[in-house]
Amino acid sequence: MTAQSTGVGRRRFLGYVLAAPTLVAAAQLLPAPAAAGEAADITELVDLNDLMTVAALPTSGLIRVEVGGDGTVSFALPRAEVGQGITTSTAMLIAEELAVPLDRVRVTLADARPELIFNQLTGGSNTTIATYTPIRVAAAVARQRLLAAASAELGVPAGGLTMKDGAVVGPAGQSIGIGALAAEAASATTHQVQVELTQRRSFAVIGRPHGRVDARDAVTGRKTFTMDLDVPGAKPAMVCRPPTINGKAGSVANLAEVAAMPGVTDVAVISTGVAVRADTFGQCIDAVRALRVTWRPGTVAGRSDDDVLRDLRAAEIPLGIRPPTPVVEGLFTFYFRGNSALETNCAIADVRDGRAEIWSSLKSPIVAQQAIAARLGLPQDRVTVHVTEGGGSFGRKLFFDAALEAAELSQKIGKAVKLMWHRADDVRQGRVHPMATSRVRLSHLGDTVLGYQQRHTGVSTDLGHGLGEIITALAARLPVGDMTFAQTFFHFSQSMPYTLGVSSRLLSETGKGFNTGSMRNVYSPDVTCARELILDQLAARTRKDPYRLRRGLLHDARARAVLDRVAEAGSWGRAMPAGTAQGIALHTEYKSASAALVEIDCRPATVGRPIRDGVTGPRVTKVVFAVDAGLTVNPRGLEAQMTGGIMDGIALALTSSLHLRDGAFLEASWDDYFYTRQWNTPPDVRVIIMPDTSDQPGGAGELAVAASMAAVACAYGRATGTMPTTFPINHGTLSFTPKPTVPPVPPSPVDGLTR
Amino acid sequence: MPEYTFRVNGEQVTVDVPGDVRLLWVLRDVLGVTGPKYGCGINVCKACTSHVNGKAVSPCSVPVSELRPGDEVTTIEGLAGDDGLHPMQQAWIDHDVSQCGYCQPGQIMAAVDLVRRVAAEGRAITDDDLDGIRNICRCGTYPRIRQAIRAGAERM
């Protein structure tokens, strides 16, 4: 894909008309322009999103927009919709270029398309950045063909025609629907064409708030997730899992007995445990609970939080010699956290007759297809992978653990299966955000910052889902030396908006054996939280206002603007009662800028609110959040993503963690793992979307987590007078009674009618 | 196997399953009613919230043998009449509440139950009422849920 200047300021883009019986227009995915900057910070020369988009260039296939005879426009998006709103924003891009009503644009999710290589990976908040222009180019090609077809039909030059409400309209008011033109506009040959895109000042859809395209299906129960699909013969299946992380099944004492239980059709040992298949999931749960299995120890047998913490301390890269000037230092600990979505890991697999068909919500479907083919001993082209709508991801669906299991089980028993993880499985054996420490030293002379060093040390983050491959492929071309995947990822995801003198931020990872993953916003929430707390310490030390101090250190106008906006809208500095306080924090990433101002109530009456089987604790009472996403496609969707990120940030700072004890996590339910609940939700949340500052959208799906977590931590520190150093702050108190690990899942209660 | 007869969304059904199979699986795996979602199986996450005789329950924790022929089970699919949307569903759309949408059928059924209970007490919804909702939303749509419940309540 190339773009050329015509010399009059309008860019022309190359697209394709494909040979087809109806109009099919196409484009290649292309890179967003690299952010140029004078600062020495490498993340401002090229960030992770540039890596992901540049990686796509030489290898990507075409994406296709099809106009049907019924006047609808169809597009199979090579990304996963997991709640982030990309089917809606994509439909908006197409509606803009083709001037069709949004409800006539059908956006579906593409099956795994190996020819797209790196370009079917949903992560790094990259979807809109990478697809914004190509989707519009494909739609613009379709528009051009429709106008030409209408011109021939009406005998009016194309220049005298316009598109409106799904029709081409002539100067005398003549009108032909695009459906009636679709066959005429089709092409017998595939050829390249040049198009111009709708100019920003003419946008009628992009930038205006729009509700989700699937909102009605979601509220009527019609939205279809993997578990709701009716695949013939795919009966429910579950796995009896080990009592420790990644333990292995030895012998099964009562396999025949369990196989004879009501509804049970199959019992089989697979690589991750003992699988059962039955008529209903209820009978699967009963069978899993009845199995008597001898387990071999797992990959982190005997290890607890303190052991991991000791390893992290040992693996930390030294800060070096302490400078002679005053320093502010801190060591922060972040315990394991779960990125389990509300939809547990699940997949449908039908592996028979040398073929495999898989249905699952997958953010890296090509890697999944390759891995499943390898596991089954099948050629890759004998494995079909359908990407279904996902019930949340938060990084979890970059992995395909359930799809691998379902495929293995289906092959083994020769029957289709609908495999689901129990909630307890999802918490105990699922992917986690690695435990980490962050050591920070800031040196200063008065209020001049001379240097900033941060040493982030974590349990290894598993990036082996495609993102790692992208980075490997590109790292050799970039001036980053021989860093590992993770170090490269870390470097490219951690932008530094402040001028902090001689600055270095290094990542060290240690330890294997945990099932880790890229939880929403990956390293940034922890890294940012530590940095912002240290800035608050510096402010206290130098008797400066935390907002003013930050403002003085910011070199980027967009960052200053979001910070100013929350300070003003949130009445920064207003008088508040003892035990309550404000906190303010900033985060830039994904070519976007964000700031959060929060108010927290740490008074005993609030902390001690009684809630059955829940953690109340300090309550965030108000959040004002400002976001500059460059160019906002759908303000309503962007606001939703910010709100969700705020809820994540509150949980990370205050309540949610996993406790590792003797090789297993103690948590097994949502009443053990304390993600934000209604009683933790701020009554007052305000998201401010800044005016566009760019012609290109930035990323947003993960953006809000870091600034929110940091602002909550800063507010807590100011309300209590003590800087928090372990997160979440309540990790030291076990607020629930751990459930047994044998059997691995709890029984379903029977008192639902009376409780 | 024993047969159990009850009503689902206005229609009488008879199912032939062991009595201890929980209602959630009878709805989803036997009857193909997939609006109620699985989220935990132990009456904690509330993703499967539906109504039995107008009262919110978690079907994951109701053995099918507990149901009697006259009992009316209402899932999200049966909340509205034939004319379209229940006011709470409309409020959910108006406030663009859903993100992934997985928990939202349960959230809406819980919201309708809450509004009915509060109305029966002759008072308006308070922040404490909203704080007491236990349904999990891992996408963090809680603020919009609170707005939608207040709006939906006015139209119920």
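I'll start with a right-handed β-α-β unit in chain A, made by strand S5(A), helix H3 of chain A (residues 86–98) and strand S6(A). Please keep in mind that this is a predicted model.

The two strands of that unit, S5 at residues 73–77 and S6, run parallel and are joined by 5 bridges. One pairing to look at on the screen is A:Leu77, whose bridge partner in S6(A) is A:Leu109. A:Leu109 also belongs to the covered face of S6(A), together with A:Val105 and A:Val107. The uncovered face of this strand, residues 105–109, has A:Arg106 and A:Thr108. In a regular strand, side chains alternate between the two faces of the sheet.

Next, a sheet elsewhere in chain A. In what order do the strands of the open sheet of 5 come? The order is S25-S24-S23-S16-S32, and the pairing is mixed. Strands S25 (502–510) and S32 (726–727) of chain A are at the edges with a single partner strand each, so one side of each has no neighbour in the sheet. Further in, S16 (residues 327–334) and S23 (residues 436–445) of chain A pair in the antiparallel sense, over 8 bridges. There, A:Thr333 stands opposite A:Thr437 of S23(A).

Now a helix, H10 of chain A, residues 365–376. Its 12 residues reach 16 Å from the first C-alpha to the last, close to the 16 Å expected at 1.5 Å a residue. Which residues of H10(A) are buried? They are A:Pro365, A:Ile366, A:Val367, A:Ala368, A:Gln369, A:Ala371, A:Ile372 and A:Leu376. Just after H10(A) comes A:Gly377, with a positive phi of about 70°.

A word on annotation. UniProt, in an unreviewed entry, places the feature "domain: Aldehyde oxidase/xanthine dehydrogenase a/b hammerhead" at residues 220–299 of chain A. In the model, that span is 20% helix and 35% strand, and its end C-alpha atoms lie 44 Å apart.

Technical notes
Residues are numbered from 1 along each chain as its sequence is written. Chains are lettered from A and ligands numbered from 1 in the order in which they are written. This is a predicted model: local features need pLDDT of at least 70, side-chain atom pairs count only at pLDDT 80 or more; totals for chains, interfaces and linings use all residues. Helices (H or I, at least four residues) and strands (E, at least two) are DSSP runs, numbered from the N terminus. The expected span of a helix is 1.5 Å times one less than its number of residues. A residue is buried if 20 or more other C-beta atoms lie within 10 Å of its own, exposed if 12 or fewer, and partly exposed in between; C-beta atoms are placed from the backbone. Two strands pair if DSSP finds at least two bridges between them. A crossover is right-handed if, with the strands pointing away from the viewer, the path from the first strand over the helix to the second runs clockwise. UniProt positions are given in the numbering used here, feature names are shortened, and annotations may be inferred rather than shown by experiment.
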